[in-house]
Protein chains: 2
Amino acid sequence: MVLPRDYTGQRCSMARALEVVGERWSLLVVRDAFFGVRRFSDFARHLGIPRAVLAERLALLVTEGVLAPVPGPGRRSEYALTDKGLALWPVLRALVEWGDAHYAPGGPPRVFTHVGCGGGVDPAGGCTRCGAPVPVTETVTAPGPGYGGPGPDPVGAALSEPRPLLRPLPGHERRSDTA
Amino acid sequence: MVLPRDYTGQRCSMARALEVVGERWSLLVVRDAFFGVRRFSDFARHLGIPRAVLAERLALLVTEGVLAPVPGPGRRSEYALTDKGLALWPVLRALVEWGDAHYAPGGPPRVFTHVGCGGGVDPAGGCTRCGAPVPVTETVTAPGPGYGGPGPDPVGAALSEPRPLLRPLPGHERRSDTA
């Protein structure tokens, strides 16, 4: 059954938030943006979703100011998280923690660490070693004990090694680093 | 376009979590359970969704151990959050905070306070007054500055006043308090 996107009558900030990021795949698109994915083709291959669905999700996220188009190679735009998009990090982290606790019998597939000192990130977003709050810009993601091996696409391959969040994936770096 | 519930190929705890709570309305059902809603008819009236959709969402949440059936009046079951369901509170709080920050121009429609001392709850889940972590069982929800008035149903009416989270709504209290 297809339901409309809006939660009419639900006067609640959570309902408003879900109207923006609650559609199927939207939060996985946002997750990939945190992982450094910027190109339509990289989102499409890593997520394995129909291009029409991806285009629709990206358009909504841009309309709502979660992602912004940034200049890419040729005439194509890429997509980068805005400050409003970056502010979704606690939502993603909370979902990951719940999934790790209940659906990761072999341990977390991915772990997050504090780039400054190598500590983990506790549920409140603090470093388990130095105690400082760990902003997303100081967070490294790496395969965890439950990691199942790289996926068959370039994004999956890049995520098989530790990477700072938000660092554009290989192929984007030269452009972004000199911007 | 209808998409399957599972995120095949996404070996990620967030994807696993979204397979359980990422369907439309599921997190609003969970939210209502935090507000003390337990009866099918109360969920249905407060959410205003087709009963078939609600039945499907409740069934999945029970199958996954987020909600558990508890004895209700007559031969009907009610639904209560399990420990696994209670562990979703940080997810809901993070979504509410993001929605408050970006979609509540008149201020938060609902606020959360620490029952022990009346302080607010900071983004990391601590009390803004006493500094202690605020567990969901010590959290009160009340209309905030952006509150739009009670909805036309009994749940909406109950939420027009401050209420501890998880306290069963009027009509359930006698049964639960003596259990």
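## Two loop residues in chain B

With 17 C-beta neighbours inside 10 Å, B:Leu166 counts as partly exposed. The scale behind that calls a residue buried if 20 or more other C-beta atoms lie within 10 Å of its own, exposed if 12 or fewer, and partly exposed in between, with C-beta atoms placed from the backbone. B:Leu166 sits in the loop between strand 5 (163–164) and helix 8 (173–177) of chain B, and its phi is near 75°, a positive value in a residue other than glycine. Most residues other than glycine have a negative phi.

B:Trp25 also has a positive phi, about 80°, without being a glycine. Its loop runs between helix 1 (13–21) and helix 2 (26–34) of chain B. B:Trp25 is buried, with 23 other C-beta atoms within 10 Å.

## About the model

This is a predicted model, where local features need pLDDT of at least 70 and side-chain atom pairs count only at pLDDT 80 or more, while totals for chains, interfaces and linings use all residues. Residues are numbered from 1 along each chain as its sequence is written, and chains are lettered from A and ligands numbered from 1 in the order in which they are written.

Helices (H or I, at least four residues) and strands (E, at least two) are DSSP runs, numbered from the N terminus.

## Where the chains meet

In all, 45 residues of chain A are in contact with 45 residues of chain B; contact here means C-beta atoms, placed from the backbone, within 7 Å. Helix 6 of chain A gives the most to its side, with 12 residues. That side divides into 28 nonpolar, 10 polar and seven charged residues (nonpolar: Ala, Val, Leu, Ile, Met, Phe, Trp, Tyr, Cys and Pro; charged: Asp, Glu, Lys and Arg; polar: the others, Gly among them).

The axes of helix 6 of chain A and helix 6 (residues 89–103) of chain B come within 8 Å and cross at roughly 170°, so the two helices are roughly antiparallel to each other (angles over 145 degrees count as such). Among the residues making this contact are A:Leu95 and A:Trp98, along with B:Leu95 and B:Trp98. By class, the helix pair's contact has 10 nonpolar, no polar and no charged residues.

## The sheet in chain A

Chain A has an open sheet of three strands in the order 3-4-5, paired antiparallel; pairing takes at least two DSSP bridges between two strands. Strand 3 (110–114) and strand 5 (163–164) are the edges, each pairing on one side only. Strand 4 (residues 139–143) and strand 5 of chain A share two bridges, and A:Thr141 has A:Arg163 of strand 5 as its bridge partner.

Technical notes. Two residues are in contact if their C-beta atoms, placed from the backbone, lie within 7 Å. Axes are lines fitted to C-alpha atoms, for helices over the stretch in contact, and angles run from 0 to 180 degrees between N-to-C directions. Angles under 35 degrees count as roughly parallel, over 145 as roughly antiparallel, 65 to 115 as roughly perpendicular and the rest as oblique.
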